[in-house]
Amino acid sequence: MAELRCPMCGKPNSDELEKCASCGARLKPLVASSPEDHPPIHPGEEPVKGKTTEFERIPPVSGEKETIQPGEEPTKKDTAELESALPSWLRDLRGQEGQPPPAETAKPVADEGLPPASEPESSPQLSDVKLPDWLAGLDSGAEEEGEIPEWLASIRDQSPIQPGTPAEEEPFLQSEETDWLGRLRQEEEGKPAQPAGGVPPFSPGSKPAAAPPPEGLPAWFPDLKGESAPAKREPGLLPPDETKPSEELPGWLADIHAEPDKGLAAAPAEGGPEPVEELPEWLEKLQAESKTPTRELPNVEVPFEESPDWLAKLQASAFTEEKTPAPSIAPEAEVSTEKAAPESMPPAETPDWLGKLPASAHTEQERPAVSAFIPETPTPSFIPETEAPVKAIPDWLAEFEEGAIPAEVPTPAAPEKTALPAGESESNLPMETPDWLSMLKPERGEEKAPGGAAEKPEIAPAELPTWVQAMRPVEAVVDESEVPQEEEKEETTARGPLAGLSGVLPIGPGLGALRKPQTYSTKLQMTEGQQRHAASLERLVASESEPRPLSGQVRLRSARLLRWVIAFALILVVGLPVVTGIHTVPGAVYPSELSATRDLINGLGANSPVLLVFDYEPALSGELEAAAAPVIDHLLFKGPRLAILSTSPTGPILAEHFMKTTQASHGYQSGQGYVNLGYLAGGPAGVLGFAEDPPATAAYTIEGAPAWQTLPLQGIQKLSDFAAVIILTDNADTGRIWIEQAGPYLSTSPMIMVISAQAEPMIRPYYDSQQVKGLVTGLAGGKAYEQANDQAFQGVGLARRYWDAFSVGLFLAVMMILVGGSWSAIAIWGARRRTVRAASNGGTPVRDGKQVEGA
Amino acid sequence: MNWVGLAGFGLVILSAILMAGLAFLRRNSTPVFREITAFARLRKAIGLSVEEGSRLHISLGRGGLTTPQSAAELAGVEVLRRIAELTSASDRPPVATSGDGAVTILSQDALLASEQAAFSTGYDPAAARLTGLTPFSYAAGALPVIQDENVSANVLIGSFGVEVALLTDTAERGNTSTMAGSDNLSAQAILYASAQDPLIGEELYAAGAYLKARPFHTASLVVQDILRWLIVIVILVSAILKLAGVL
Amino acid sequence: MKLKGLFSTAIAITTGLIVLVGYFVILPPLLDLRIAILNWFIILAAVALFVGLFNLLSVHANKLRNKEKGGIYSLILILSLLVTLILGLWLGPDQPVMASIFNAVQLPAEASLMALLAVTLTYACIRLLRPAQYAGLRSRTNLISAIFLVTALLILLGTAPLPFVGYVPILSDLIRPFIAQVLAAAGARGILIGVALGSLTTGLRILFGADRPYGSDPSRGGK
């Protein structure tokens, strides 16, 4: 099975397929449609849209590439094969004339892709114009098919076309739609030929008049004109080869027909066809100016998507493809070209029909399509010889220009710098457009354009059809593929390692522009509040390490002095009554327990064994001796046998001292009147042991003699054998031990206790519970006991002597405590007042020049 | 055994059971005690003494182990041991004074054990001293220790009498802090007026728990609280019955 | 070392239980054992007294040897101790010399120390309400301190009659007895109950072996 290569994507497809399996392009050219399929278009009517894809049928020659790559030379094609790519209406025209439709028609819009036209070496002659491949097919096709409309044929007749070709086009021209053309011809015959305002669509094989192209036109544009038959033709309709004698075409149309041939001429037209005399002057001028060598346009099949009423429609369709301005060089170039359009293009006359075209139909966005054919202000490099100004333009084109085209075409913000050299920029305009064409305003597009179109100088670049793109010169293709000349791109090329170089590959997405990395400050950013907090924390930390001032040692002096004062006062007050014997305390108090003690002692019989326990410390001997003296003295008056015992190491010594100092009058001798059993070790255990078995526990006297065989202890075997037990102690615990340990073993023997005043609270409950039968407490008890036995005492007893001193001393102490306490209370109150005042004032209280702490 | 004895014996058994049970049940829990200022300042004083190179003076009183005051003495010995452990890294080890020979021997043993626990070889037998056999002689013998041996704080825990006033007065004149506790009422009254941080009542026996809480110490405090409430209830009931004429 | 601690702990627990149970449970064998153990305790206490004396001598001897501050007093102490000890052993405690030493030295010394308490306690009561900078390291200016002071004053005033005035009837007959015999006694009784409970738990801790004051504690890293 044979394979067909898709003309669009180049992928092989089966021969049986009509459309490409990959891209959907038609693989086989469409058969020329009948007029029923494609009804003729009358003037003023909207052309029937036909898909230009149906014309993309011409398969590439085997072995050749399907598409033209940038930089490649377009390959020559037999344009007869391209007839299938012609729009239906064109084919219809040709069919009406009996001629095959033109194989290919050039799209009038967008010339960016058109290759730069080479300088024509001489004014092209229509006869000598060599048609490009895509237009050449029209001639051959026209010759073969003979389906040239009348109007086209008439155009051809007017232009110097190759023989054979005009006849083919004529039938096409002479269709019903040519009535208006005929009228135009009549009108134009009386007017000088003026270039049309619109962009004439290129028609394959059409050879425009050899008029010099205006400045800025691409090189190929004059070539197209030169190549094509210098016969007038309908723009974009007829190949120059098929142009009929121009006598039937209006001048302008013949000129138009001649113009594109110049650009389409692939080879420099050597001695191009002489301009037809019947061509309008402007067109002839354009042809003359177009001396740039032409080059063969790439054989690119370009779908034709629009039909005339056609100029506007073609433009509109081209504009609609580009609704938004793309950041590309091409649109900017178009913009620049557009901007330069009014400057470079000399005023040219435009046909009335073109002038009547509403200017609003075209927007600024569509102007790029128009401007594609408008050269920039600088002289295009590819048209070096096209400096010849356009001497004259047809009136009709000039009128059109004045009426339709504003003097100044608002253009979007042109790049500050033309990144591309003049030559490069010129490459975007490979084709010279006639003045009338450049003056055309976009009629349609304002509806589509945003409201601020006037304010937006940016014009959306037109999207060229593929066949037009194929005709573009290599430079234009290269330029299009470049990164738009934005500021960043300009900066990149302006700075950096590749500064000044052009054609630098753009930075890929995501990388961004080369620039110095952002420096971040290492300084800590803090708010005011944070700074305050940090400062406070710093102060707190610093204050922790600061040594605190120590308070003065004032209290030591005052404390020592106070002690001395207290001591001196007490000594004086207490010593005076003792020394002088002054009695200052009247009266006496007899406690209730006093009588019970007296009764118990009075109840003892003579020579009764009594146990005396001396369990007090030497430090309290003064009080105990004073308290116990009258009691023991009262006891000794009964003549008992005494046994002395002590659980304190110093007790036996104290007992001896007591007996010798306070009881000396009684004449009791150790071993005779009393037995000193010594120290009883073991504390409570010892007491308990003694209570259980006295002879076993305290076997010996303090002298070391057996105690229980002596006279005072005869007949004593147990604790209950004693008539009474008298405990002398200053310690409540000792008293409790005796009460608790020995009490159960006394049976009926009473226990009498002479205690210090400090032990009274602990011992009194035992008296109250009758575990202790008699109780004498401290100095007061002794003094009372003495007074109770005044009759027994001779003289003043020890307690009596101490009593006055005790009372006075006690009173002095009370006074001092009162005074001192009041002084302290006042000092505290003052300190607190100062603290409160300082706190209210926000300061630290100060006293005597020093800060008060803890107040 | 009469009913009094029986009641006492039952109380002892009950206390033992409660203590053992609570110690076992709360062995993993963290005890929470009420704040006692004296122990808090004691910790601070221990730290300060170590930092400034001074020493602590622990006085155990004049009670004997064979007397009812032995409990207070044992509490003091426990405090001495704990303080010795905490100050084992100090340049100056603590010094312990007492008024009883047996307590002196226990003091020496406690200091020796603390040094061994700290793997230190700085044990000084003279650190535990018998300063006197009588209360005031003991107090008189302890005064030079407070005045002349760079003491920064005094811990008086044991059985003291009225002679404790001499110790507190001397400590105050030397500008040293005093934390004291005694089982003697007179001493407690004097300590309240003269010491910075007195321990009143049975706070003396809680010293071990506050310094280093262990399960049995914590349990003993709980048992004390339980028994105290029991006694309160018994007293109130007895008083009511007495008023009612039942008893 | 571990066995030593275990042995001492076992002895302490055993003897404590015997004495405790023997106090409540009257069993002849138990009673005899208890008495015997108590006698051993008494002997040990006396021996401990001698050990304490030796400790006292060694401390002061070291102080004298190191020429520390107060060494002269240590010398006097050592001399006094030795003389008293020798005389007492040689002459006996009932000899007049011994009595003279005691009556002339110890008795007045201790009595003087006791007398100092009057000044000390008076000074303490005066400073009880003073601010911190004058009260040393303590400042107990609160309501309890004020009540303490007032109570002390009432007791003092009710204990002895006023010079040239005598007893104040209400104060001596009503207030002081109420405070001393009711309030103070009640408070004292409560404190003593607490002390007793503390003593009980302390003894139980020793019986359980939780407290070992008699040796190194393995739980504390002792040997």
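Five bridges join strand S5 (residues 609-615) of chain A to strand S6 (residues 641-646) of chain A, and the two run parallel. This is a predicted model: local features need pLDDT of at least 70, side-chain atom pairs count only at pLDDT 80 or more, and totals for chains, interfaces and linings use all residues. Side-chain values use heavy atoms, with hydrogens and water left out; residues are numbered from 1 along each chain as its sequence is written, while chains are lettered from A and ligands numbered from 1 in the order in which they are written. Helices (H or I, at least four residues) and strands (E, at least two) are DSSP runs, numbered from the N terminus. Two strands pair if DSSP finds at least two bridges between them.

**Parallel strands of chain A**

- In S6(A), Ile644(A) is the bridge partner of Leu612(A).
- S5(A) also pairs with S8(A), in the parallel sense, over six bridges.
- Here Val610(A) has Ala724(A) of S8(A) as its bridge partner.
- S8(A) pairs in turn with strand S9 (residues 751-755) of chain A, over five bridges and in the parallel sense.
- Ile752(A) in S9(A) stands opposite Ile726(A).

- Buried means under 20% relative accessible area, exposed over 50%, and partly exposed in between (1.4 Å probe, protein chains only).
- Seven of the seven residues of S5(A) are buried, so this strand is largely enclosed by the rest of the structure.
- Both faces of S5(A) are covered: one side has Pro609(A), Leu611(A), Val613(A) and Asp615(A), the other Val610(A), Leu612(A) and Phe614(A), all buried.
- S8(A) is likewise largely enclosed by the rest of the structure, because six of its six residues are buried.

**Two loop residues of chain A**

- Asn731(A) is in the loop between strand S8 (724-729) and helix H27 (732-742) of chain A.
- Asn731(A) counts as buried, at 16% relative accessibility.
- Leaving aside neighbours within four places in sequence, Asn731(A) is in contact (heavy atoms within 4.5 Å) with Ala759(A), Arg62(B) and Asn184(B).
- Met8(A) is in the loop between strand S1 (3-5) and strand S2 (12-14) of chain A.
- Met8(A) counts as partly exposed, at 28% relative accessibility.
- Met8(A) and Thr466(A) are 458 residues apart along the chain, yet their C-alpha atoms are separated by 8.8 Å.

**The sheet of chain B**

- Six strands form an open sheet in chain B, in the order S3-S2-S1-S4-S5-S6, with parallel pairing.
- Strand S3 (128-130) and strand S6 (197-199) of chain B stand at the edges, each with a single partner strand, so one side of each has no neighbour in the sheet.
- Neighbouring strands of this sheet are turned by 15° against each other on average, direction ignored.
- Strand S4 (residues 151-159) and strand S5 (residues 177-182) of chain B run parallel, joined by six bridges.
- Within S5(B), Ser182(B) is opposite Gly158(B).
- Axes are lines fitted to C-alpha atoms, for helices over the stretch in contact, and angles run from 0 to 180 degrees between N-to-C directions.
- Helix H2 (residues 37-52) of chain B lies across strand S1 (55-61), S4, S5 and S6 of chain B, and runs at about 130° to S6(B).
- Helix H7 (residues 185-194) of chain B lies across S5 and S6 of chain B, at about 160° to S5(B).

- The axes of helix H29 (residues 778-788) and helix H30 (residues 798-841) of chain A come within 8 Å and cross at roughly 130°.
- That makes H29(A) oblique to H30(A); angles under 35 degrees count as roughly parallel, over 145 as roughly antiparallel, 65 to 115 as roughly perpendicular and the rest as oblique.
- H29(A) passes H30(A) in a left-handed crossing, meaning that the near helix is turned anticlockwise from the far one by less than a right angle (clockwise would be right-handed).
- Residues making this contact include Leu779(A) and Glu786(A) of H29(A), and Tyr802(A), Trp803(A) and Phe806(A) of H30(A).
- In chain C, the axes of helix H3 (residues 71-91) and helix H4 (residues 96-126) come within 9 Å and cross at roughly 150°.
- H3(C) also passes H4(C) in a left-handed crossing.
- Thr84(C), Leu87(C), Gly88(C) and Leu91(C) of H3(C) make the contact with Val97(C), Met98(C) and Ile101(C) of H4(C).
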